[in-house]
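Colleague: I would like to learn how to read disulfides in a model. Can you take me through them step by step?

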Amino acid sequence: MHILHPTTLLLSLSFVWVLNVNCAALGSSDSPNGESPFTPKASLIRYWKKEIHTVLPESAFFLSKASPLGPVDLATFAKLASQNALSTQLPAFCSSAKLFCFPDLSPSLEKHDHDSHFAIYNNKNFSNYGTDRAGGADSFKNYSDGDNIPVDSFRRYGRDAAGHDESFSSYAPDSNVVDQSFNTYGAGATGGAGEFKGYNVEVNNPNVRFVSYSDNANGKGQMFSTYTENANAGPGQAFTSYGKNGNGAPNEFSGYGTSSNVVGSDFTNYGETANGANDTFKSYGVDGNVPQNNFINYGDGGNAGVDSFAAYREKSNVGDDSFQSYAKNSNAEKANFANYGKSFNEGTDKFSGYGKGALGQQIGFKIYGVNTTFKDYANKKAVTFASYTNASPADASVKVASDSVAKNNKWIEPGKFFRESMLKKGSSMPLPDIRDKMPKRSFLPRSIISKLPFSTSKIDQLKEIFHASDNSSMERIILDALEECERAPSPGETKRCVSSAEDMIDFATSVLGRNVAVRTTENVNGSKRNIMIGSIKGINGGKVTKSVSCHQSLYPSLLYYCHSVPKVRVYEADLLDPNSKAKINHGVAICHLDTSSWSPTHGAFLALGSGPGRIEVCHWIFENDMTWTIAEA
C-alpha cells in the first residue's frame, strides 16, 4: 500500500489550485452557476452535450447524481486510488464523496462495574462490558432508534459474569442498514438472563452477528422476542457457535422474523456439545416473504437436548430452510417440528444427515409442508410423521396464484403492479410506497471509479478499501451487488451495472441511440395513498418502444442495475388528489408487454392473479430510479 509523499501531495494540490484560479477568471459555459469546470458535475455536463444529441436541456435530476467532490479533493482521491491507498483516508473519502460507509469503531478497553442504562444511544463499541460482574443488570432501551446506518459492537460482553441480566428493548427500531456484532457474548457466564425484545423491528437491511454467544455458559437463558419483526431484505442474522459447550441453557426465539421480507438466518454449530440445552423456536418466520434459514451442525454432540419448532415459517411465501447434520452424534436428543413450513406458496426444505450417529433421539414432524427432502436420515424408527402434507406431482409444482391468494398476500403492496387498462384519465388506484429507502449516495467520478476493482474475484481488495471485515455487513452488501451484476441476463434482456454517470449515458445511447431523454417520477407525493390519473401521455405515441430502466443497487457508491427488455410501453401521467383533484405528482410508468420469461412466483402474478405470458404488467418508476427513452420535443 502506498501513501503520498507530502511534497508530491503539495505539488498536486498547488497545480489544481492554479488551474482553479485561472479557470475561474476565464469562466466556462459548461460550469453550472459559475463553478469550476473541473468539478465532476461540470465534466458530466460536457459529456452529456458530447454524447446526447437532443434539443432538450440536460436533466437536473440526472446531474444531481454527480459526485460533489471539488477539484482539490478530486485530484487527491484520484491519486490515492491510483496508488491503492484510498483505505488510508476512507472516512474523509466517504464523507467528501457522499458514499455509504460504516464508521470505524475504535476499540474500548474500559470495564464497567455498575448497572448501566442506555437510552437513545447509538454507534458505540462496548468491549469487555460487564466482565466478571456479579449480579446487576444492564438495560439498552430505544438504542439506535431511527438511526441511519447504526454500527454497534458488543465484544466480550458479560464474559464470566454471575447472575447478570441484560435487556435490549426496542433496539434499533426503524433503522436503515443496521450492523451489530455480539462476539463472545455471555461466554462462561453462570445464571442470569439476556432478553432481546423488539430488536431490529421494522429495520431495512439488518445484519446481526452472534459469534461464540453464551459459549461455556451455565444455566444462562436467552430470549429473543419480536426479533427483526417487519424487517426488510437484510443479509440477516448469523448465530455461530451459539451456546457451545453450554450447560442447561434455555433459549427461546419467539416471534422471530415475523412478517419480515427476505431475511435470512444462519445457525452454525449452535448448541454444539451442549448439555441439557433447551431451545424453542416459536412462530419463527411467520408470515415472512422468502425467508431463508440454515441450521448447520446444530446440536452436534449434544446431550439430552430438547428442541421445539412450533408454527415455524407458517404462512410464509416461498421460504427455504436447510438442516445439515442436525443433532449429529447427539445423545437422547428430542426435536419436535409442529406446523413447520406450512407456507401458502411452497418453499423448499432440506434435511441432510439429520441425526447421523445419534443415540436415542426422538424426532416428530406434525403438519409438515410439501417440497421437503430427507437425505441420509438416520434411525428412521425414531421419527414420526403426523398430518404430513403429501402433494401429488401436479400439486407440488409451482402453481399460478389465484385472486383469492393474491388478496391475502400482504407482501404485494397495493398498486405495486397493475394492468395497462388502469392508465386512463379519471382512473383511481393505490400508489405504493415509492420512496427511496437506500442510503443517500453519489456516483464516483470516472477518474476514481475506473481505478477501483469491480469483481467478485477482487472482493479482498474491495474489503480492504472499504474496511469490510470477514462476514461483515459491508462484505455481504458488496458481494450481493457484484453477484447480481455478474449474473447472466434473462432471455431477451440486455443489462449492465453502471458505477458512473458517464457509464449510464454510454449504455443508454448504445441501446437507444443519441436522441434520448431520462425520465423519473417527479416526487413521492401520494405514496401509500389512493391517487387519480390526470392527463396522460404515451411515449413514442403510445406505441411499443424500447427503454432502458435503471434501478439502484446497495453499494458504497451510487450503483445502478440498468437493463433493456423487449416490448414495453412507457407513460407519463399527472397524479391527482382524488378528493381535491389537485395535481400532486407527475409519474412515469412502464408496462411490460411480454412476461413469458418471468417466474410463475413473480409478485406481479400473485398480485394480479395470472401467470407468465398471459398478461402485461405495469409499474411506476420509484424515487431515484429512472428510465431512458427516445426523446420527444
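Colleague: How many disulfides are there?

Modeller: This is a predicted model. A disulfide is called when two cysteine sulfur atoms lie within 2.5 Å. By that rule there are four disulfides.

Colleague: Which cysteine does Cys485 join?

Modeller: Cys485 is bonded to Cys497, with an S to S distance of 2.0 Å. The two cysteines sit in distant parts of the chain, twelve residues apart. Cys485 belongs to helix α10 (residues 473–486), and Cys497 to strand β23 (residues 494–498).

Colleague: Why is the disulfide of Cys485 and Cys497 called left-handed?

Modeller: Look at the torsion about the S-S bond. For Cys485 and Cys497 it is about -95°, so the disulfide is left-handed.

Colleague: What about Cys550 and Cys562?

Modeller: They form a disulfide too, with sulfur atoms 2.1 Å apart. Cys550 lies in strand β26 (residues 548–553) and Cys562 in strand β27 (residues 559–564). Here the torsion is about 115°, so this disulfide is right-handed.

Colleague: Where are Cys591 and Cys618 in the chain?

Modeller: Cys591 is in strand β29 (residues 583–592), and Cys618 is in strand β30 (residues 617–620). They are 27 residues apart. Their sulfur atoms are 2.0 Å apart. The link is right-handed, with 105° about the S-S bond.

Colleague: Are Cys591 and Cys618 buried or exposed?

Modeller: Both Cys591 and Cys618 are buried. Cys485 and Cys497 are buried, and Cys550 and Cys562 are buried as well.

Colleague: What is the pairing of the bonded cysteines in sequence order?

Modeller: Number them along the protein. The pairing reads 1-2, 3-4, 5-6, 7-8.

Definitions and conventions: Residues are numbered from 1 along each chain as its sequence is written. This is a predicted model: local features need pLDDT of at least 70, side-chain atom pairs count only at pLDDT 80 or more; totals for chains, interfaces and linings use all residues. Side-chain values use heavy atoms; hydrogens and water are left out. Helices (H or I, at least four residues) and strands (E, at least two) are DSSP runs, numbered from the N terminus. Buried means under 20% relative accessible area, exposed over 50%, partly exposed in between (1.4 Å probe, protein chains only).
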